[in-house]
Amino acid sequence: MATNVVVKKNGFFSRFFNSIGAIFIGIALVLVCIIGLVWNEGRSVKAIRAYDEVGRKVIDVGNARVNAENDGKLVAITGDISYTPVIDSDYGIEGTFVIRRVVEVYQYKERREGSSTDAETKYYYEGGWYGSYINSASYPENSKNPSWPSAPVFENKTFYAEDAMLGDFKLDASQLKKIEPNFMINIPEDAKQDDLANFNITSNRQYITNAKNINSPNIGDIRVSFFVNNATSASAIGMQRGNSIVTYYTSNKSQINRLFTGQMTAQDIVMRLEAENSAGTWVLRIIFMLLICSGFAMVFTPVQVLVSIVPFLGKYIGKGTKFAANVIGGLAGFALSLVVIMIAWIAVRPIVVIPLIIVVGGVVAFVLQSKKKKAAQVSSAENTATSATE
């Protein structure tokens, strides 16, 4: 792997000035992420309500056959996929109902250790395969990336079958896009075209490349691979309109139009949608919470810079201060995130949350009252025993 390293020394005054700016950036980050948490909870609840409605109203058609009585209704269908295989004509490679051409160029990408508030910042320029151009205008001269190849054969493209069917129902590109090409195909020997005279197919037949050694490439080398999806059956949910499945709008304007590989019942599909919503909600919660913690820690940056100039021990005191700032920021961020999530849930779903809070409060009050009564009984018994002894 090609790697270049640049070390930049940061003066005290520039570090301190940047640390003051970090305070405002940290505060802004916290505020933005609070808004993000509120939005995420609202989005999650909207989806929960939508999928509750879908579960009640969806008609499980089963085998994908057109029934005129279901026209205009929310249906779930399942069946076999039929199609004419698509072809990437630039390479003459045949796919299934989808084929994705992935073009990657070996380029430098910057990785930074430290920040403008640290005594030094290290910049690593590491080579890797990337599917889009990395702008290297600010990189050192020995770490510049060549321009992206301009020939049409080096464009990333995805092709979809125009006649794909799920049983009796037509599938359009917008539905097929929801099925990810996930299987790398072997490239036939006759795939190379005139524009690729200097290219070869690797021994494992997975790439067309101009790299002399695919395992030890040079900056600017190109490789091309192809992916398909081999699914033979699928399931869809949406509104039936003739022999098509179109978008169904729930009462809260959520859009329902999904395609999944494999045979699934309506209940399976609804459970899948609910699971995706739950997972997405938790991923965003964690991301926003971590960013809030980071924002709080940034507020202490000037202190870290100031203590770092203490003779002999400054480096170690600075690291200790940074650790303490991360701990304090983490605790404050976690606590604030929980409060925001709770308030957001009360705002968007009070019918569920408020009774839950009342029940929990009642349980806590009952436990405290029971402990108080027990303590009073023990105290009374001790007083009685003492009186009897006297």
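This is a predicted model: local features need pLDDT of at least 70, side-chain atom pairs count only at pLDDT 80 or more; totals for chains, interfaces and linings use all residues.
Twelve salt bridges were found in a search of the whole structure. One of them joins the side chains of Glu-41 and Arg-285, with an N to O distance of 2.8 Å. Glu-41 belongs to helix 1 (residues 12-57) and Arg-285 to helix 3, so this pair ties together parts that are 244 residues apart in sequence. Both Glu-41 and Arg-285 are buried. Arg-285 also takes part in a contact with an aromatic ring: its charged end sits over the ring of Trp-282, 4.5 Å from the ring centre. A contact of this kind was also found for Arg-111, whose charged end sits over the ring of Tyr-124 at 4.3 Å from the centre.

Another salt bridge links Arg-101 and Asp-88, whose closest N and O atoms are 2.9 Å apart. Arg-101 is in strand 6 (residues 98-113) and Asp-88 in strand 4, so the parts tied together are 13 residues apart in sequence. Arg-101 and Asp-88 are both buried. In the salt bridge between Arg-272 and Glu-276, the closest N and O atoms are 3.4 Å apart. These two residues, Arg-272 and Glu-276, are both in helix 3 and are separated by four residues, about one turn of the helix. Arg-272 is partly exposed at 38% relative accessibility, and Glu-276 is partly exposed at 32%. Through shared partners, salt bridges join Asp-88, Asp-90 and Arg-101 into one network.

Five aromatic pairs were found across the whole structure. In the pair formed by Tyr-91 and Phe-226, the ring centres are 5.1 Å apart and the planes meet at 70°, so the arrangement is edge-to-face. Tyr-91 is located in the loop between strand 4 (87-88) and strand 5 (93-94), and Phe-226 in strand 14 (residues 222-228); the pair therefore ties together parts that are 135 residues apart in sequence. Tyr-91 is buried, at 0% relative accessibility, and Phe-226 is buried with a relative accessible area of 0%.

The disulfide count is zero. For Cys-33, the closest cysteine sulfur is that of Cys-293, at 9.8 Å, which is too far for a bond, because a disulfide requires sulfur atoms within 2.5 Å. Cys-33 is buried, with a relative accessible area of 2%. Cys-293 likewise counts as buried, at 15% relative accessibility.

Most residues other than glycine have a negative phi. Arg-205 has a positive phi, near 60°, and is placed in the loop between strand 12 (200-201) and strand 13 (208-209). The relative accessible area of Arg-205 is 35%, so this residue is partly exposed. Lys-253 also has a positive phi, near 70°. This lysine is found in the loop between strand 17 (248-249) and strand 18 (255-256). Lys-253 is exposed, with a relative accessible area of 63%.

On the surface, a nonpolar patch is formed by Ile-27, Leu-31, Val-299, Phe-300 and Ile-328, which together have about 400 Å² of accessible area. Phe-300 counts as partly exposed, at 31% relative accessibility.

Methods:
Residues are numbered from 1 along each chain as its sequence is written. Side-chain values use heavy atoms; hydrogens and water are left out. Rings of Phe, Tyr and Trp (its six-membered ring) pair if their centres lie within 6.5 Å; planes under 30 degrees apart count as stacked, over 60 as edge-to-face and the rest as tilted. Buried means under 20% relative accessible area, exposed over 50%, partly exposed in between (1.4 Å probe, protein chains only). A charge sits over a ring if NZ of Lys or CZ of Arg is within 6 Å of the ring centre and within 35 degrees of the ring normal. Patches are made of residues with over 30% relative accessible area and no salt bridge: like charges are joined within 9 Å, nonpolar side chains (Val, Leu, Ile, Met, Phe, Trp, Tyr) within 5 Å. Accessible areas come from the Shrake-Rupley method with a 1.4 Å probe; for residues, only the protein chains shown count as cover. A salt bridge is a side-chain nitrogen of Lys or Arg within 4 Å of a carboxyl oxygen of Asp or Glu.
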